[in-house]
Amino acid sequence: YNSLAINEKGNLTISNVDAVKLAKNYGTPLYVVDEVEIIRRCREIKQNHMDKYSGRAVYASKAFLNKEMCRIINREGLGLDVVSGGELYTAKSVDFPMDRVIFHGNNKSLSELEMAIDFGVGRIVIDNFFEIENLNKILNHKNKTIDIQIRVNPGIDGHTHDYIKTGQVDSKFGFTLYDGAALNAVKNVLESPFLNLKGIHAHIGSQLHQKDIYITEVKVLAEFIKNIKDEFNYEIDEINVGGGFGIFYTEDDSRKLINYFTDDINLTVIKEFSRLNLKRPVVIIEPGRWIVGEAGFTIYTIGAIKEIPNIRKYISIDGGMADNPRPPLYGAKYLALIANKITQLEEELVTISGKCCESGDILIKDIMLPKVESGDILVVLSTGAYNYSMASNYNRLPRPAVVLVNNGEHRLIVRRETYEDIIRNDV
Ligand code: LLP
């Protein structure tokens with residue numbers, strides 16, 4: 001991890017800020033996000049995809065979003081992929097340039113679509129026929145037009161957890177190719193005076209580690225775009241291959257540079273489109289996890305410790321599935337460190353359990369850690385994506401604060417919820 005080091009006290013630091021001090025200052029559980037690492041990753045994408053291939057990149061904001069994250073993404077010149085009125089509203093609240101926003105979703109409500117049109121988002125990605133009808137109605141009423149992409153289901157089965165696969169034929173997302181639904185959608189869109197067809201989109205899944213799957217995807221999309229040209233004599237300007245680029249959580253995953261994916265994606269686009277006699281499209285990628293996942297850490301305080309002789313030692317922390325639902329939901333695995341015992345070499349096998357009233361609330365099953373005591377500080381790694389954004393108030397736990405660290409500096413970017421927040425909307 002670029003963000004991690006050890007200081008003179010022997011404590012773990014995140015972007016040169018002592019993790020134990022962060023726990024003291026802000027309380028735990030605490031999300032900590034390293035701005036340096038986020039910016040470094042945005043620039044890696046900019047160099048290797050945007051500059052090198054004149055591509056575009058939109059950050060999939062579902063991974064981690066708040067006002068400050070919008071500002072960072074804006075400053076770095078990426079676009080923003082939003083999937084709800086809430087994400088869109090957040091972007092608007094800090095004047096994120098709306099022409100760089102693209103709006104996804106398989107069941108956008110009428111009011112969300114209206115909001116997107118009123119704000120003037122750059123693209124709406126149409127997912128289904130119902131949405132074409134709704135857009136036509138709204139745009140007719142407002143006497144406006146909008147640039148769109150069509151989401152197709154490429155019929156590719158990504159090798160990842162079932163819950164985060166999206167590209168296989170049996171999926172709720174996008175127009176299927178094999179039965180002609182996608183081509184029919186193109187026809188409907190081309191017939192509409194309100195919809196400008198700019199691009200074709202597909203997204204195969206998340207936490208993918210094989211680039212061959214993207215190569216297959218590009219080939220499928222190129223064939224489809226060729227069909228569109230043959231059928232309607234219409235040229236597509238852009239292809240959006242989605243996100244899903246895998247990151248490092250444990251030894252099961254290897255850490256990958258973005259060009260591991262983007263070089264092959266772009267080179268395949270260049271090759272396939274020229275082979276099919278199509279004009280070279282702008283290539284759009286939608287990374288979420290890859291930008292923010294490894295830049296985020298969660299700090300907990302260790303509380304109860306219980307040993308069942310010869311069976312298991314449970315180390316309980318002051319958070320759990322409410323701030324990180326990924327282990328019970330996807331069987332996700334994480335690594336962790338004891339921030340105040342980094343230099344202690346002797347280790348033992350333990351299980352980290354959350355504080356929710358549920359046996360499934362196990363954050364890490366079987367991990368080697370230094371011998372801990374109550375009050376020690378546990379730091380879980382790679383929690384930047386889909387942790388804060390998926391956090392809940394289960395058991396009426398207030399959501400943790402988010403702190404941004406940047407090379408020795410630290411500041412609060414999302415306040416910790418209070419008990420007052422918990423009952424705020426109760427009538
Ligand atoms: N584009 C589209 C259309 C997507 O549906 C997604 C993710 C992304 C981009 C970004 O994928 P990423 O680069 O972050 O892998 N909650 C799950 C992940 C769900 C992803 C849903 N869509 C998890 O915690 O693993």
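Trainee: How many residues of domain 1 are in contact with domain 2?

Mentor: In this predicted model, 26 residues of domain 1 are in contact with 21 residues of domain 2. Contact means that the C-beta atoms of two residues, placed from the backbone, lie within 7 Å.

Trainee: Which elements give two or more residues to the domain 1 side?

Mentor: Those are α11 (326-330), β20 (401-406) and β21 (409-414). The largest share, four residues, is from β20. Helices (H or I, at least four residues) and strands (E, at least two) are DSSP runs, numbered from the N terminus.

Trainee: What classes of residue are on that side?

Mentor: The side of domain 1 that touches domain 2 has 15 nonpolar, nine polar and two charged residues. Ala, Val, Leu, Ile, Met, Phe, Trp, Tyr, Cys and Pro count as nonpolar, Asp, Glu, Lys and Arg as charged, and the others, Gly among them, as polar.

Trainee: Where are the domain bounds?

Mentor: Domain 1 is 4-33 + 293-423 and domain 2 is 35-291. The bounds come from an automatic or database domain assignment. Residues are numbered from 1 along each chain as its sequence is written.

Trainee: Is lysine 62 buried or exposed?

Mentor: Lysine 62 is buried, because 21 other C-beta atoms lie within 10 Å. The cut-offs are 20 or more for buried, 12 or fewer for exposed, and partly exposed in between, with C-beta atoms placed from the backbone. Lysine 62 is in the loop between β5 (56-60) and α3 (67-76).

Trainee: What is lysine 62 in contact with?

Mentor: Leaving aside neighbours within four places in sequence, Val83, Glu87, Gly288 and Ser389.

Trainee: What is the mean pLDDT?

Mentor: The mean is 97, and 99% of residues reach 70 or more. pLDDT is the predictor's confidence in each residue, from 0 to 100. Local features need pLDDT of at least 70, side-chain atom pairs count only at 80 or more, and totals for chains, interfaces and linings use all residues.
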